[in-house]
Amino acid sequence: MSQSTVYYLSGLGILFFINLVAVWGLDLHFGFAGVNSFAFIVFQAVGAYITGVFSLGRANTPVTFETYILGVHWPWPLALLLGGIAGAVLAVPVGWIAVRRLRGDYQAMAMLVLALIANSLIAAETGWFNGATGLESVPQPFGNLNVSLYDYHWVFLALAAICGVVSWWIARGIARSPLGRSLRALRESESALAALGRDPNRLRTIALVAGGFLGGLSGGLLIQYVQAWGPASWLYAETFLFFTAIIIGGRGNLLGTALGTLLVPIGIVEVTRELPQFGYPGEFADFQWVAIGALMLVFLWFRPHGLIPERKRVLRPRDDGASGQEAPARALARGSQR
Amino acid sequence: MKLETPARRRATTGLLEASSLACSFGGVRAVVDVSFFVQPGTITGLIGPNGAGKSTVIDLISGRARPSAGRVRFDGEDITASKPHEVARRGLIRTFQKANVFNRLTVVENLLMGAPEWEGERLSRALGPRAWWRRGEDERVSRAFEVMRRFELEHLANHYAGSLSGGQKRLVELMRAMMAGPKLLLLDEPMAGVNPTLALSICERLEELRDEGMTMLMVEHELRLVERLCDPIVVMAHGSVLAEGSMAELQANEQVVDAYLGD
Amino acid sequence: MTIVLFGLYSAALYAIGGVGFTLQFGVTNVLNLAYGSLITSSIFVEYYLTGHSTNLWLAMLVGGVAGAVLSFVVGFVVVGAFVRRGAAGFSIAMVTIGISLMIQYTLEAIQGPVVNAYASSNRSTLLSVAGVNLDSQQVTAILVAVVLMVVVHLVLRLTKLGLAMRATADDVSLTRVSGVSPARVRALAWLASGALCGICGALLGIGIGTFDAAIGNDFFITAAAAAIAGGVGKPYGAMLGALIVGIITQASSAIVSPAFSSISAWVLLVAFLILRPQGIFATYAAEREIVA
């Protein structure tokens with residue numbers, strides 16, 4: 001395999017983990033808690049911007065000509081962590097909207113417009129995050145290692161994989177635990193959940209904060225990889241991309257969403273980037289979006305649960321001794337008397 | 001004019017006390033002035049024609065709606081302004097008129113949700129090793145299977161609740177409520193739309209529970225079942241309490257017969 | 001005065017677009033997020049079919065027909081199929097966004113990321129009030145809007161179909177009482193909505209002078225702000241909403257900065273969606289059954 005192919009594949013791997021973290025975060029919102037988090041891209045954006053302004057150092061230097069808030073040069077792990085925390089913090093106001101229990105499509109539209117507002121505002125206000133141009137020249141993790149461009153990819157791939165493992169730990173922990181069950185119950189019927197003594201708002205906030213943290217982490221990783229981030233990177237349609245990954249792969253389960261991530265953001269967008277371009281520059285990207293829209297419709301029609309549907313959790317009592325054997329027989333006996 | 005029955009004269013307090021409740025939506029006064037008591041160990045019935053305000057009263061008691069006037073006291077505590085989950089935590093568990101199970105959870109999982117919230121449901125436990133919640137979970141699963149055995153529905157344990165028939169869903173709701181170890185069960189039309197055989201079976205279960213000391217407040221339309229299960233019975237019409245007493249006493253009351261019982 | 005006059009002009013466009021949106025939403029209860037792409041497609045179709053003509057009347061005619069046909073296909077046929085299968089709120093949102101993306105990027109794929117331009121016509125000043133000039137095209141837009149509002153009002157009040165549409169907007173079961181088949185009412189709602197959408201597009205395209213495949217998107221959100229603030233399914237509310245939005249956008253453009261003109265309307269939309277989804281006028285909460 002040629003070096004450039006290896007470079008390309010390792011790059012795909014990095015982007016896979018970055019997208020995976022984000023998609024798992026959205027699945028916590030949507031697949032588990034049932035929040036139509038259609039502003040999810042903003043979580044990624046917030047993570048990216050915060051990581052950026054905490055790594056870039058002072059603004060308005062003759063070197064960079066960028067204007068932005070804050071602006072310190074902290075160690076990259078801290079900046080990355082802060083990106084995740086920023087996403088978690090953003091979850092709180094988003095929670096206030098989710099609490100209103102709007103009809104599904106109203107909620108989607110409200111979030112969509114909020115994402116649009118956020119994007120337009122940040123593009124207009126150059127003082128916040130350097131407006132439409134965005135942040136550039138973000139220092140990379142292990143940036144002062146004296147390695148070649150190709151070898152650096154492995155370094156970053158390892159970092160991305162570690163973040164993937166951390167996200168897996170969080171998402172799987174929540175998914176298989178009693179907390180995960182409460183979240184799924186929240187998704188099914190908020191009124192029944194409340195009637196059983198659990199506070200729906202508190203549970204929803206937990207899901208939103210956890211998912212928000214993952215979204216922010218994904219953004220921080222992304223800006224550290226690409227070293228740049230601007231409003232054009234987070235238009236509201238990007239959330240649709242994540243949702244497509246979840247719907248196609250299968251919501252409410254980590255494996256399904258991982259498959260969806262492989263197919264949609266990686267498969268359709270990144271892999272095909274390398275195919276021979278035809279037509280005018282960007283024409284291929286247009287076809288990608290048409291394909292994504294079409295895929296969403298096709299799957300919602302034929303297979304709304306996705307390629308790997310949510311697994312049924314089968315539970316049995318632990319003491320399968322005499323009592324276990326007796327019970328079904330007793331039930332059968334009584335049943336036949338009816 | 002309220003019928004003075006011996007039961008009513010005795011009641012100045014109860015496990016559940018509703019006093020002068022009133023509530024309006026969008027200009028309609030659904031509940032005008034409702035007061036009654038539920039004594040421990042009874043199945044108190046709440047009956048009345050459609051639109052009398054019965055479901056609203058249940059919503060007011062369970063915290064789903066806020067009264068514009070009046071008070072609700074449960075087990076000595078004022079719960080008028082409490083939110084639904086706070087009311088449930090005190091031991092007042094309700095079921096719903098339209099079967100309200102968690103569809104994409106299995107029957108076992110539904111019952112597990114009925115058990116009161118415990119430390120295993122915390123985020124900190126979720127992020128830790130399985131052992132941190134395994135044992136508590138196993139205990140609750142065993143208890144759930146016991147309840148299912150008692151209701152003879154063990155064979156449905158790992159079916160999705162959403163795939164069950166209407167009557168079975170009601171039983172799931174009832175079993176789930178049992179898992180909560182309630183002090184008072186608020187049943188909103190538990191037999192509605194259930195076939196007679198199953199309804200009778202639910203009846204038997206409720207009688208068993210009452211004999212074990214469970215208190216219940218039941219809204220129901222099926223008068224034969226009400227007659228069999230409930231004493232006393234509160235009759236509502238047009239948002240207020242018309243009368244209260246046993247079925248025999250109510251059948252002797254002309255007002256009640258005119259408003260509801262007669263044909 | 002600039003604010004008022006240009007606000008009036010903007011309001012005219014938002015009114016036509018907003019009433020189209022709210023009519024269809026009221027009858028079918030479908031939040032059609034593909035509406036913006038329908039506006040865009042109408043502009044494209046009439047631009048090419050009329051040979052880039054700047055004749056407003058021709059453009060409106062062709063655009064209106066194109067809009068009606070597209071709206072029918074997208075709404076009644078495609079979205080309708082999903083609804084009849086039982087799709088609920090959020091799935092419909094996903095479907096309409098998917099359709100919107102498909103339409104927008106197909107248009108762009110066909111003709112490239114080119115910005116189309118109309119030949120600059122003779123923009124003579126027709127109306128001058130307190131030193132602010134409106135040209136013939138803008139005045140026409142305002143007049144057309146007023147006429148259309150009157151037409152909509154008359155149709156809703158006086159015709160059988162209009163009555164059926166109002167009945168459906170209040171309660172689906174009432175449609176049967178009106179004597180018109182529910183399917184026909186729905187189909188008509190999509191058609192009418194599409195026609196208004198197309199007319200709006202024609203005025204918008206020629207008014208701005210240039211357009212690309214994304215032109216309908218931001219405009220739609222602003223028009224939706226007018227419709228939802230005014231009350232879902234209440235055309236008169238949408239008209240009032242359009243006036244409010246028209247003034248707000250012009251005012252914020254003048255007072256704060258041009259970039260903020262749309263943002264202020266969008267904030268209004270979000271505020272209504274979150275705090276009062278039924279709008280200023282409607283009295284019920286938006287919990288009705290979705291048909292299509």
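How many residues of chain A are in contact with how many residues of chain C? I began my notes with this question, keeping in mind that the model is predicted.

**Entry 1: chain A against chain C**

I looked up the contacts and found that 34 residues of chain A touch 35 residues of chain C. I then asked which elements of chain A give two or more residues to this side, and I noted α4 (104–124), α10 (237–249) and α12 (283–302). Of these, α4(A) gives the most, with 13 residues. Sorting the side of chain A that touches chain C by class, I wrote down 24 nonpolar, five polar and five charged residues.

**Entry 2: chain B against chain A**

Next I turned to the contact between chain B and chain A, where 40 residues of chain B meet 34 residues of chain A. On the chain B side, the elements that give two or more residues are α3 (84–89), β6 (92–94), α4 (107–114), α5 (123–126) and α6 (131–150). The largest share comes from α6(B), which gives seven residues. By class, I recorded 17 nonpolar, ten polar and 13 charged residues for the side of chain B that touches chain A.

Just after the helix, G34(A) takes a positive phi of about 75 degrees.

**Entry 3: two helices that cross in chain A**

Two packed helices are described by the angle between their axes and the distance between the axes, so I looked up both values for one pair. The axes of α2 (residues 40–55) and α9 (residues 200–226) of chain A come within 6 Å and cross at roughly 50 degrees. That angle is why I call α2(A) oblique to α9(A). Is the crossing left-handed or right-handed? I noted that α2(A) and α9(A) make a right-handed crossing.

For the residues that meet, I listed several from each helix: those in α2(A) include F40(A), F43(A), A48(A) and G52(A), and those in α9(A) include G212(A), G216(A), G220(A) and I223(A). The residues of this contact divide into eight nonpolar, eleven polar and no charged.

Conventions
Residues are numbered from 1 along each chain as its sequence is written. Chains are lettered from A and ligands numbered from 1 in the order in which they are written. This is a predicted model: local features need pLDDT of at least 70, side-chain atom pairs count only at pLDDT 80 or more; totals for chains, interfaces and linings use all residues. Two residues are in contact if their C-beta atoms, placed from the backbone, lie within 7 Å. Helices (H or I, at least four residues) and strands (E, at least two) are DSSP runs, numbered from the N terminus. Ala, Val, Leu, Ile, Met, Phe, Trp, Tyr, Cys and Pro count as nonpolar, Asp, Glu, Lys and Arg as charged, and the others, Gly among them, as polar. Axes are lines fitted to C-alpha atoms, for helices over the stretch in contact, and angles run from 0 to 180 degrees between N-to-C directions. Angles under 35 degrees count as roughly parallel, over 145 as roughly antiparallel, 65 to 115 as roughly perpendicular and the rest as oblique. A crossing is left-handed if the near helix is turned anticlockwise from the far one by less than a right angle, and right-handed if clockwise.
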